[in-house]
Amino acid sequence: MSTRDKPPTGARPSGTFRPAVLRPMVPDVPPVQNAMQRAGALGSLLSRLKASQECLEVVKACLPPAMAAHVRSGALDDEGWTLLAANSAVSAKLRQLQPDLMDALKKKGLKVNAIRVRVQRQ
């Protein structure tokens with residue numbers, strides 16, 4: 001056997017190679033929503049955010065599709081809920097529709113004391 005045919009010294013026989021196991025340097029980070037639910041004040045904020053989004057879905061179903069695209073959800077607090085309009089024309093129409101929107105929210109069982117309409121600055 002020539003030196004070219006011999007395996008290098010210290011080499012492992014073929015078939016026994018084991019790749020190194022990579023371990024993360026930091027522990028797994030929980031998803032933000034899970035962390036927010038576990039924290040008291042953040043959990044309350046998350047529940048208000050979800051309630052605001054539910055209200056928006058109900059309201060958008062009552063609006064014409066072209067108008068619904070220009071309405072966004074705002075803050076939901078004990079005093080009421082804020083709807084954000086893209087411009088003053090949409091804002092004026094939302095104000096006209098407030099009684100109908102309140103009725104739709106009540107029918108879905110969503111408790112909203114009042115609807116505030118604001119023009120969103122861009």
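Author: Let's start with helix H2, residues 40-62: its 23 residues should span 33 Å at 1.5 Å a residue, and its end C-alpha atoms are 34 Å apart, which agrees. The expected span is 1.5 Å times one less than the number of residues. This is a predicted model, where local features need pLDDT of at least 70 and side-chain atom pairs count only at pLDDT 80 or more, while totals for chains, interfaces and linings use all residues. Residues are numbered from 1 along each chain as its sequence is written, and side-chain values use heavy atoms, leaving out hydrogens and water.

Reader: What secondary structure does the protein have?

Author: Helices (H or I, at least four residues) and strands (E, at least two) are DSSP runs, numbered from the N terminus. Here there are 4 helices and 3 strands, in the order α-α-α-β-β-α-β.

Reader: Which residues of H2 are buried?

Author: An α-helix has 3.6 residues a turn, so residues three or four places apart point the same way. Buried means under 20% relative accessible area, exposed over 50%, and partly exposed in between (1.4 Å probe, protein chains only). In H2 the buried ones are Gly 43, Leu 46, Ser 52, Cys 55, Leu 56, Val 58 and Val 59. Cys 55 has 2% relative accessibility, so it counts as buried; Cys 62, at 42%, counts as partly exposed.

Reader: How many disulfides are there?

Author: A disulfide is a covalent bond between the sulfur atoms of two cysteines. The search looks for cysteine sulfur atoms within 2.5 Å, and finds 0 in the whole structure.

Reader: Which residues have the most contacts inside the largest nonpolar core?

Author: In soluble globular proteins, nonpolar side chains tend to be buried together. A nonpolar core is a set of buried Ala, Val, Leu, Ile, Met, Phe, Trp, Tyr and Cys residues joined through side-chain atoms within 4.5 Å. The largest one has 23 residues, and Leu 63, Trp 81, Leu 83, Leu 94, Leu 105 and Ile 115 have the most contacts inside it. Helix H4 gives the most to this core, with 7 residues.

Reader: And Arg 116: buried or exposed?

Author: Arg 116 sits in strand S3, residues 115-119, and counts as buried at 18% relative accessibility. A polar contact (N or O atoms within 3.5 Å; within protein, one able to donate a hydrogen and the other to accept it, with sequence-adjacent residues counting only if both atoms are side-chain atoms) of 2.9 Å joins its side chain to that of Thr 82. The Arg 116 side chain also reaches the backbone oxygen of Gly 80 at 3.4 Å.
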